[in-house]
Amino acid sequence: MSLDPFNAFLHRVEADGHWRVGVKDVIDVAGMPTTAASKVLHRVPDRDAECVARLRAAGASIIGKLNTHEFAFGALTNSPHFGPAVNPWDTARTTGGSSGGSGAAVAAGLVDLALGTDTAGSIRIPAALCGVTGHRPTVGLVPVDGVVPVAWTLDAVGPLARTGAECRRALEIMAGRELGAEPPRRVGLVTRLFDGAHPAVAAACEEAAREVWPDAEPVELPLHEEISTITQLVMLPEAAAVHLPWLRTCLADYGPDVRARALAGLLLPATAHVTGLRARSWARSLWERELGDFDLLVAPAMPIVAPRLDAVPPDYRLLIMPYNSPAALLGLPVTIVPCGIVERLPVALALTGRSGEDGVTLAAAEDFQRETDWHRFEPGSGELYTNPVSSDERG
Amino acid sequence: MGSESNLVSTLRALAAQQGVEPTDEDLEGVLDFLERILSALAEIEERLPPEAAP
């Protein structure tokens with residue numbers, strides 16, 4: 001039985017405070033089941049994950065657990081066991097994932113703040129497709145105790161909310177320190193990610209980026225062609241190691257896509273994982289050499305608007321990997337800000353910073369949201385806005 | 001066909017050695033994926049500087 005019109009919640013209680021927080025169902029909340037939207041896991045923890053405990057201590061009211069792609073190991077939030085989260089902007093469309101319940105709950109105003117996790121895009125994708133602000137922190141900034149892992153060296157817990165300022169507040173509480181608010185001094189536009197996006201999405205993103213950062217310089221990401229593969233080489237074996245006890249005992253209880261990815265990780269040669277780790281070091285050194293002078297890199301968060309649930313492109317994962325893999329592999333902070341409406345659906349910019357400089361991407365998001373109103377648009381308000389490039393003109 | 005069947009058998013044996021028992025259908029899907037990623041891996045290995053350490 002769905003607990004809300006968007007299947008965002010898996011478990012819900014009444015709010016007893018003013019700061020309503022929903023928690024992705026891979027993060028422990030004392031007394032609530034953690035299922036990871038799976039048939040495999042069902043634990044009722046007696047203590048909060050550390051990030052939840054810190055929010056609760058700061059006055060948050062945890063009102064429920066939010067839908068996710070099974071085990072947060074996919075980009076759609078369509079668990080075969082709990083059903084898909086649906087996009088409040090158009091309930092025939094996906095929220096993206098894996099933190100799709102988090103994106104839907106914030107977009108629909110069911111919560112003030114949602115917690116998500118991001119291994120290879122899982123906060124950024126639903127934030128973009130649901131038209132909300134989201135932040136993937138630098139790996140290690142927020143404790144991951146009490147969080148079901150996907151891949152230990154890539155996982156990050158972060159906030160989704162209406163604004164960058166709200167994300168900052170939540171992140172500083174979870175991180176246990178202030179993050180600084182230095183604005184970026186040198187900004188790059190990642191040209192290939194604009195070129196690779198649907199023309200209407202690229203146009204909306206470029207217009208918004210140019211409005212706020214007119215002096216941004218075009219940049220190329222090192223290893224653009226390779227970085228998605230390198231990320232898979234690191235992530236899949238780590239994920240297989242996480243799941244190995246369950247793969248041994250309840251393989252058939254996994255959904256087909258997650259089962260396939262876990263098995264792929266199990267059966268990759270050990271040298272493939274080591275090559276992935278070596279290539280990550282190589283990518284990090286190239287990134288530092290070629291982009292080390294840039295405080296902020298700006299690109300479309302996603303190359304497309306939210307696909308219909310019944311018409312997800314067969315190459316969806318391949319399409320979105322170049323947009324999400326670099327920050328995942330290198331553990332970088334990224335803030336997602338809504339930046340336009342295309343075909344009555346939200347599109348967003350990804351603001352990527354240097355490792356440990358979460359305060360810079362959040363300051364950039366706050367600047368962007370002082371200059372623009374896109375974060376104020378809510379589901380339904382897309383009807384008020386028609387993008388100048390129609391789908392007919394795009395062909 | 002025979003070659004694919006041999007590869008599936010090999011994957012089944014590797015999985016079994018780790019205590020996992022996938023179906024042939026599972027393994028056929030994995031085989032496609034492994035062929036693609038191992039081919040991409042070979043290209044990365046060619047370009048990877050020898051001094052790059054994990």
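Visitor: Is Ala37(A) buried or exposed, and on what basis?

Guide: A residue is called buried if 20 or more other C-beta atoms lie within 10 Å of its own, exposed if 12 or fewer, and partly exposed in between, with C-beta atoms placed from the backbone. Ala37(A) counts as buried because it has 31 C-beta neighbours inside 10 Å. This is a predicted model, in which local features need pLDDT of at least 70, side-chain atom pairs count only at pLDDT 80 or more, and totals for chains, interfaces and linings use all residues. Residues are numbered from 1 along each chain as its sequence is written, while chains are lettered from A and ligands numbered from 1 in the order in which they are written.

Visitor: Where does Ala37(A) lie?

Guide: Helices (H or I, at least four residues) and strands (E, at least two) are DSSP runs, numbered from the N terminus. Ala37(A) lies in the loop between strand S2 (19-24) and helix H1 (50-57) of chain A. Its phi is near 50°, a positive value in a residue other than glycine. Phi of Ala72(A) is likewise positive, near 55°; that residue belongs to the loop between strand S3 (60-66) and strand S4 (78-79) of chain A.

Visitor: In what order do the strands of the open sheet in chain A run?

Guide: Strands of a sheet pair through backbone hydrogen bonds, either parallel or antiparallel. Two strands are taken to pair if DSSP finds at least two bridges between them. In chain A, 11 strands form an open sheet of mixed pairing, ordered S1-S3-S2-S8-S10-S9-S14-S15-S13-S11-S12. Strand S1 (9-12) and strand S12 (217-219) of chain A each have a single partner strand, so one side of each is left without a neighbour in the sheet.

Visitor: In what sense do S9(A) and S10(A) pair?

Guide: Strand S9 (residues 133-136) and strand S10 (residues 156-161) of chain A pair in the antiparallel sense over two bridges. Thr133(A) stands opposite Ala161(A) in S10(A).

Visitor: How many residues does each chain bring to the contact between chains A and B?

Guide: Two residues are in contact if their C-beta atoms, placed from the backbone, lie within 7 Å. Chain B gives 23 residues and chain A gives 24 residues. On the side of chain B that touches chain A, the largest share, 10 residues, comes from H2(B).

Visitor: Which peptide bond is cis?

Guide: The bond from Gly97(A) to Ser98(A) is cis, with omega near 15°. Ser98(A) is found in the loop between strand S7 (90-94) and helix H2 (100-107) of chain A.
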